[in-house]
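Could you walk me through this protein in my viewer, one selection at a time? I am new to structures, so please tell me what to click and what is there.

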Amino acid sequence: MPALFDVRDHGWQPGADDAGAALRAAIDAARSAPGHVRLLLPPGDFHVWPETSIHRELFVSNTVGIDPRFAEKSIGMLLDGVEGLTVEAEGARLVVHGRQTALAVVDGRGVAVEGLEVDWAVPTVIDVTVADAGVDAHGAWRIVTVPPQNGFDLDGTDVVWRSERSPFSGERYWRGRNALAYSQVCDPASGRVRRASCPLFDGVAALERMDARTLRISYATASPPADRGLVYQLRETDRDHPGMLVLDSADVALRRLRIDYLHGFGLVAQNSADLTLDGVVFRAPAGDGRVTAGFADFVQCSGMRGHVEIRDCEFDGPHDDPINVHGTYLAVTAAEPHALTLEYRHDETAGFGSFGEGDRIELVDRRTLQPLHTTTVRRATGPSGRDRATAALPTRVDIADPLPPEVLAAALAGGLAVENVTRTPEVTISGCTFRRVPTRAILVTTRRPVRIERCRFEGIAMPCIQIAADASDWWESGPVTDVAIVGNTFRDVTAGVLQVAPGVLAGGPPVHGTVTFAGNDVELAGPLLAELRGLRAFAARGNRVHVAGGERPAIQVDAGGRVDWDGPGPPVLVLRR
């Protein structure tokens, strides 16, 4: 039986105001023990505060790039350098205060976390429900409610949202005003969420606090509001922390977690291998007006290798993609026959290393994404991902064989990008449910096999599944070769079940390989089934596709793409040139 470490033996007791020191002590003890060990978090709330959490300089994909304001991350529970550890946390709830990363596995191997619940004391997305609305002799009005966690003050005709106070400084961790910087709207009746501006604080004549959770807003206009029952989800836009992080680690499993809310950029798995999510529920708690469970994405895998397996999970209420798996293209800024200088080009991704000795890399034409040359890294230098001092350094890779003259010429002309082929994972997503999503449910760009099976998609606002890749916008690589979408259920589809949309001009050679679409049950609100650009082949068989109104489904496809349809109701093919 593996040795057991109980956090109660290291100073934590039920009702404790701050679990930081006890968690650190228990993790340190478990790290020093030989062999596989277990760490027990008994039922109860584990509060973590920025002032007593661990602070590290870390640079994370798709967050804030190398912005020095956010280089230092506060981590509530850090599993750092541990091997062979299982955290047993059934009934335990990690309560995060302020802006932090709740849980991180850094430089770990063979780590599992089971049964833990994660929530924020004051979520950084504010869900404002229009409880009632109308017009009286004085003009239009709304009565809105907010969850009990979100406090507010009135400042004239402005609402000032506020976090909890720090028990150390007495200051608020954050404040915001009115609609904040970004909003989307959720219709609980239909289950649909869309990105939209918030009208609640336009033309305000007066504010009245009715109780701690309820506000009456009076307007200078007499136009009757038509949004009774809708929930406006308000937030700022800086992704200052990943909500959870798996960094430079291998064989990490998260099982039966309950994620009530994740601040920042969700769960980011970066430069790691073999990640498993099993039975993880991303959903806001019911009953108190909260509908948002994620400030941005839920799961973002960047530069992963091995196998990413996500099974029997529920994704409900993010502000961006529930699942995004991708690599990163770096632009070639200088070249020699045996060396390349590379640069990150998106301002949200930079400051960390993307290459290591022995990695295989592929050089592609940035305009077409067509591969020109593949080689092996002999040595890589540049940002460490762990300190500000190196964050802005260019990446330099020495390569094993000389670049062919035509490739060297293209590199010197500034027309190439590089992808790390080694850091591309096989992906299996099975038995998952996606609902109340304002974007795509799954965005995946990896050249190894991808299988999406037995999942359920409900009312997704954009194409349910997207395959992209570009070296001009997000710089998320690379091509897919073999994607199987099998045995899934799609309901209330408004923008198609699949969009293949690499960042290249139409009419060029295909970027992506084959997508198999088989045994799926699809109900479309409109005729569009799929948009296929830059795809070599789409093979469909044994699907049930129903379009509201009885129309035939339609597939938009490049003139050079092949569509094989085996089954009833062949779609209308709309050729795109």
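Start by selecting Asn62, which is buried, with a relative accessible area of 4%. Keep in mind that you are looking at a predicted model. Asn62 sits in the loop between β4 (54-57) and β5 (72-80). Its phi is positive, about 60°, although Asn62 is not a glycine. Why point that out? Because most residues other than glycine have a negative phi.

Next, select Asp492, in strand β45 (residues 489-493). Aspartate 492 also has a positive phi, of about 55°. Is Asp492 buried or partly exposed? Its relative accessibility is 27%, so Asp492 counts as partly exposed.

Now go to Ser477 and Gly478. The peptide bond from serine 477 to glycine 478 is cis, with omega near 0°, whereas most peptide bonds are trans. You will find Gly478 in the loop between β43 (476-477) and β44 (482-486).

Finally, select Asn178, in the loop between β15 (175-177) and β16 (182-187). Asn178 has 14% relative accessibility, so it counts as buried. Which residues is asparagine 178 in contact with, leaving aside neighbours within four places in sequence? They are Thr157, Asp158, Val159, Trp161, Phe201 and Leu234.

Technical notes. Residues numbered from 1 in each chain as written. Predicted model: local features only at pLDDT ≥ 70, side-chain atom pairs only at ≥ 80, totals over all residues. Heavy atoms only, no water. Helix = DSSP H or I, 4+ residues; strand = E, 2+ residues; numbered from the N terminus. Buried < 20%, exposed > 50% of the residue type's maximum accessible area, 1.4 Å probe, protein only. Contact = heavy atoms within 4.5 Å.
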